[in-house]
Amino acid sequence: MDALHLDQLRTLVAVVDLGSFDAAAAHLHVTQSAVSQRIRALEDSAGRILVRRDRPVTATDSGETVLRTARQMLHLEESLSREFDGAGAPTEHVVLAVACNSDSLATWFLDAMTEVHSSGRVVFDLRREDESLSSQLLRRGEVMAAVTSESRPVQGCRSLPLGSMRYLACASPGFVARHLRDGSPTNALGRAPIVDFDRSDAHQNHHYRRLARREPTGPRHFVPSSHDHVRAIAAGLGWGLVPERLATPWLVSGELAEVSPDRPLDVPLFWQHWRLQSPDLDALTAAVLETARAELQA
């Protein structure tokens, strides 16, 4: 591949992020023809097609590889410019694109973000994604770091252990009285209604397989918000796995009860980030590791 040109890489990022050549042209303050020429020149240099001309425009497999490199180079340019300019104008910030699962965001990750943001250097482009899927955003070059359950490093990334998030299987006392009092509690739990976070949430299935070595068969609700997920369980819609930090106030008040005492589910988490020298990404990594050590299970 020939030398990479920043204007072409910036155009590739804009086309994929905004989904069309028209939108990229407006964002970059150039003509649509200029956008097409830059993408075509980049594809000629790579010797392969980098974007699918659909609506929205998406990156091909080769395009995702170039896109990841493009984001890294543009981030380094942004950081270097910031270092040379000093404090600069108030609107000059470095953007950190990060993926995080909802439960981490609701319990501890925001503390790390706040610590880094207090420097006044950075703004965050936060993507909420299940910890089992967030590494895919790294592979596609959409984020530069992610909280993930995948320990194996994505190509071009480092993987650092954070600790484990502890989940407790909970239900409301009324739900326990209705569904779990008669017969075998384990069998009853498998037939009882379940509250999943979303269709990627495998915690309830994983927990029940550990108890009964089979899948639960109960009807399922989907509530894709960490705090509302707890509220739905406390309201008696079903049982579900709740982060210990979120569950504790509800357990203390008696609005929730553990349905599998002494059987917590510990989910190991990892911090994967690009392998590059970036003061801002390094600062975020340090804050994430420090906060995780204080909040997660060792």
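## Model and conventions

The model is predicted, and local features need pLDDT of at least 70, side-chain atom pairs count only at pLDDT 80 or more, and totals for chains, interfaces and linings use all residues. Residues are numbered from 1 along each chain as its sequence is written, and side-chain values use heavy atoms, with hydrogens and water left out.

## Overall architecture

The chain has 12 helices and 11 strands. Helices (H or I, at least four residues) and strands (E, at least two) are DSSP runs, numbered from the N terminus. Along the principal axes, the C-alpha atoms fill a box of roughly 70 × 40 × 30 Å.

Of the 298 residues, 48% count as buried. Buried means under 20% relative accessible area, exposed over 50%, and partly exposed in between (1.4 Å probe, protein chains only). Among contacts with a separation of 6 or more, 73% come from residues 24 or more positions apart; contact means heavy atoms within 4.5 Å.

## Pockets

Rolling a probe the size of a water molecule over the atoms shows where empty space is left. On a 1 Å grid over the protein atoms alone, a cavity is a set of points where a 1.4 Å probe fits but cannot get out, and a pocket is an open set with protein on both sides within 12 Å along at least five of seven lines; lining residues have an atom within 4 Å of a point. Grid points are joined across faces, edges and corners, and a volume is the space filled by probe spheres set on the points.

The largest pocket has a volume of about 560 Å³. Its lining consists of 19 residues, and Val 13, Asp 17, Arg 71, Leu 74 and Glu 78 lie nearest the centre. At least two lining residues come from each of helix H1 (6–18), helix H2 (21–28), helix H4 (61–85), strand E3 (94–100) and strand E4 (122–128). The lining has 9 nonpolar, 2 polar and 8 charged residues, where Ala, Val, Leu, Ile, Met, Phe, Trp, Tyr, Cys and Pro count as nonpolar, Asp, Glu, Lys and Arg as charged, and the others, Gly among them, as polar. The second largest pocket holds about 190 Å³. Residues lining this second pocket include Val 176, Leu 180, Arg 181, Leu 211 and Glu 258. Helix H8 (residues 185–191) gives the largest share of that lining, 3 residues, and by class the lining divides into 6 nonpolar, 2 polar and 2 charged.

## The enclosed cavity

The structure holds 1 cavity of 30 Å³ or more. The space in the largest cavity is about 170 Å³. Its lining has 17 residues, with Asp 103, Asp 130, Tyr 167, Phe 197 and His 203 nearest the centre. Helix H5 (102–117), helix H9 (203–212), helix H10 (226–234) and strand E9 (240–243) are the elements that give two or more residues to this lining. The lining of the largest cavity divides into 4 nonpolar, 6 polar and 7 charged residues.

Asn 101 is in the loop between E3 and H5 and is buried, at 2% relative accessibility. The side chains of Asn 101 and Ser 104 are joined by a polar contact of 2.8 Å. A polar contact is a pair of N or O atoms within 3.5 Å; within protein, one must be able to donate a hydrogen and the other to accept it, and residues adjacent in sequence count only if both atoms are side-chain atoms. Leaving aside neighbours within four places in sequence, Asn 101 is in contact with Glu 129, Asp 130, Glu 131, Val 147 and Tyr 167.

## Helix H2

Phe 21, Ala 24, Ala 25 and Leu 28 are buried in H2. These residues lie on the same side of H2 because they cover an arc of only 100° around the axis, the arc being that of the directions from the helix axis to the C-beta atoms. Ala 26 and His 27, on the other side of H2, are exposed. The buried residues pack against H1, helix H3 (32–46) and strand E1 (51–52).

The N-terminal end of H2 is capped by Ser 20, with a side-chain oxygen 3.0 Å from the backbone nitrogen of Ala 23. After H2 comes His 29, whose phi is positive, near 60°.

## Backbone exceptions

Most residues other than glycine have a negative phi, and most peptide bonds are trans. His 29, in the loop between H2 and H3, is exposed with a relative accessible area of 74%. Asp 262 also is not a glycine and has a positive phi of about 65°. Asp 262 lies in the loop between strand E10 (257–258) and strand E11 (265–274) and is exposed, with a relative accessible area of 74%.

A cis peptide bond, with omega about 5°, joins Arg 55 and Pro 56. Pro 56 is in the loop between E1 and strand E2 (58–59).
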